[in-house]
Amino acid sequence: MNLHEYQGKEILSSFGVAIQRGVVAQTPEEAVVAARKLTEETGTSWHVIKAQVHAGGRGKGGGVKLAKSLEEVEKLSGQIIGMNLITPQTSAEGKKVHQVLIAEDVYYPGDNEPEEYYMSVLLNRATGKNMIMYSTEGGMDIEAVAEKTPHLIFTEEIDPTQGLLPFQARKVAFNLGLSGQAFKEMTKFVTALYKAYTEADASLFEINPVLKTSDDKVIAVDAKVTLDDNALFRHKDYAYMRDLREENPIEVEAKEAGLNYVDLDGNVGCMVNGAGLAMATMDLIKQAGGEPANFLDVGGTADAERVETAFKLILKDPNVKAILVNIFGGIVRCDRVAQGIVDAYKNMGTINVPIIVRLQGTNADIAKELIDNSGLDVQSAIEFQEAADKVQAVLS
Amino acid sequence: MSVLVNKNSKIIVQGFTGSEGTFHAGQMIEYGTNVVGGVTPGKGGQTHLDKPVFNTVVEAVEKVGADTSIIFVPPAFAADAIMEAAEAGIKVIITITEGIPVADMIKAAAYVKDRDCRLIGPNCPGVITPEEAKVGIMPGFVFKKGRVGIVSKSGTLTYEAADQVVKQGLGITTAIGIGGDPIIGTTTKEAVELLINDPETEAVVMIGEIGGQLEADAANWYKNSGSKKPIVGFIAGETAPAGRTMGHAGAIVGGSDDTAQAKKKIMRACGIHVVDSPAEIGKKVAEVLA
């Protein structure tokens, strides 16, 4: 589950990680109230207005602005709330901004120059351990840093039985070139950050930038936080943080129906049992001259109700020119699935795109007969290649 | 010969009396698999599917000599079940459960590494040695005995590949479903190595998908091994967009090196016979064995 910056910071703060403070606002009026409150609490006179959407690169799209007065807070919030924010990480249409975070200005002048760093916590799949990845090059696109100056990226791998050890936290601070008060602040920051990561069951923390302020405090200015969906059952208190407005509505509906669906841009819809076979089916659609319109794993049970829900979801996309159903019946019998398809088809009345059904495995022959004798406009296939050929024929 | 499981394996089912465990244990027994009992804490002493139920794994090891376990325990408790099996001395631990928290698997994987056992999965269809032992949820009839080994991250795609191989008049030595999670006990490389070293296996089918480095590691190992045994490879997900999880928790393109294209390139460079179409796996196997 992806979180907004303000939600991520809330979690960080609850584990003692120092953050750039802020208040979330839904309207320009709320933004002004938030700014006033923040000035009382922090003494800040300038405020940063930050669009809250699930996408990085918000600054580049005009979603992060500095306001030097309350009038500017109101004006800039008004501009950002409701805009379609286009960033390198969104689609061409962008993402609608529903709320902004009014945050304190932390780049104030002081004895030292402020410095920005990069820090993330994530799983190293190769070793099966968590690691802290960090760099002196903060505030920049880390992939670009990795490409141009890989020697400026450091990693610290964590022993799962020991957790983050004090010497590792010191190493991070040393590698970032810190000393004195800032050094102490950084070791505290890293230690709290890792604790937050494990205790919240996160699968990604990306803090870019981590800021050393002009008075040597170390704080998280941004926070990209992803929680492990598999672990949400033990974090019921985070459930309310899911913002459905940020997710694709068809995907949300699919999830509620227990279907695993990913919306894509193509013209051939597909319905498959099993994630690997679903991806392979998408690849085959492409090789047959089409483009997959979705990924859809219907799972182990493909009864009429599920099939009907799946058909309806796929047909919500007006670009779909054909549907390929690819089921490898194992424990699930193909004739049952075929009956499900026939029933769903009849319930739905007319389906205006050709449907190709490939059923393989248990009782595949009976299933094919059932479909062929149904009188419906459904083509059946048994071999994988046969299905691909039929998709090709339908498209041309 | 075969790898991991055979007719002499003494298999217990953890999560034996639950609905998944009951259904699939029944199917395994019907297939002729040597299921010697099961474990459900609190139900020790009962009999289920005509087999003894134990409270703990260690009891099953002591009383019926279990050496292999298959786990159907729900996600919240599955990592604990894996560690219990490892501690009790089970040698092959096959975990079917999908949806185990990553943090739990980090701990369980580290725990297993320090002990003399092998973990397969989680989130996998299991392992089958045709006509000897089906320790998983796959449809047994698809897998005929023969000389081709299969390693795969996916369930139904494994059945698809096995079906194609069998229809070419070839059969399967052992098919290993390693699982689609970001953390799995046995890697592609380890599973391929087992099959390459198995004298009865004459060719290996290696099916991967987007995300992670497992296929690249296996390909590099194969090249360095100097083995002449052919491997036919397929990677699912060429059309998957970056940054989206495609069903399996581990199937996500993170960078330029874990796309299907990048993986296939490395595999080809290492001498693996890569097919672009999933419909051509069986044909390619027949071709390299001809």
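The paragraphs below follow the interface of chain A and chain B and then turn to the cavities.

This is a predicted model, in which local features need pLDDT of at least 70 and side-chain atom pairs count only at pLDDT 80 or more, while totals for chains, interfaces and linings use all residues. Residues are numbered from 1 along each chain as its sequence is written, and side-chain values use heavy atoms, with hydrogens and water left out.

With contact taken as heavy atoms within 4.5 Å, 42 residues of chain A touch 53 residues of chain B. The two chains bury about 3,500 Å² between them, 62% of it on carbon and sulfur atoms, where buried area is the accessible area (1.4 Å probe) lost on being put together, summed over both parts. In chain A, the residues that lose the most area to chain B are A:Arg125, A:Phe328 and A:Ile331, together 20% of what that side buries.

Across this interface there are 4 salt bridges, each a side-chain nitrogen of Lys or Arg within 4 Å of a carboxyl oxygen of Asp or Glu; A:Glu383 and B:Lys167 meet in a salt bridge at 3.5 Å, N to O.

The count of cavities of 30 Å³ or more comes to 2, a cavity being a set of points on a 1 Å grid over the protein atoms alone where a 1.4 Å probe fits but cannot get out, with lining residues having an atom within 4 Å of a point. The largest has a volume of about 40 Å³, and its lining includes A:Asn230 as well as B:Asp181 and B:Met105.

Definitions and conventions: Chains are lettered from A and ligands numbered from 1 in the order in which they are written. On a 1 Å grid over the protein atoms alone, a cavity is a set of points where a 1.4 Å probe fits but cannot get out, and a pocket is an open set with protein on both sides within 12 Å along at least five of seven lines; lining residues have an atom within 4 Å of a point. Grid points are joined across faces, edges and corners, and a volume is the space filled by probe spheres set on the points.
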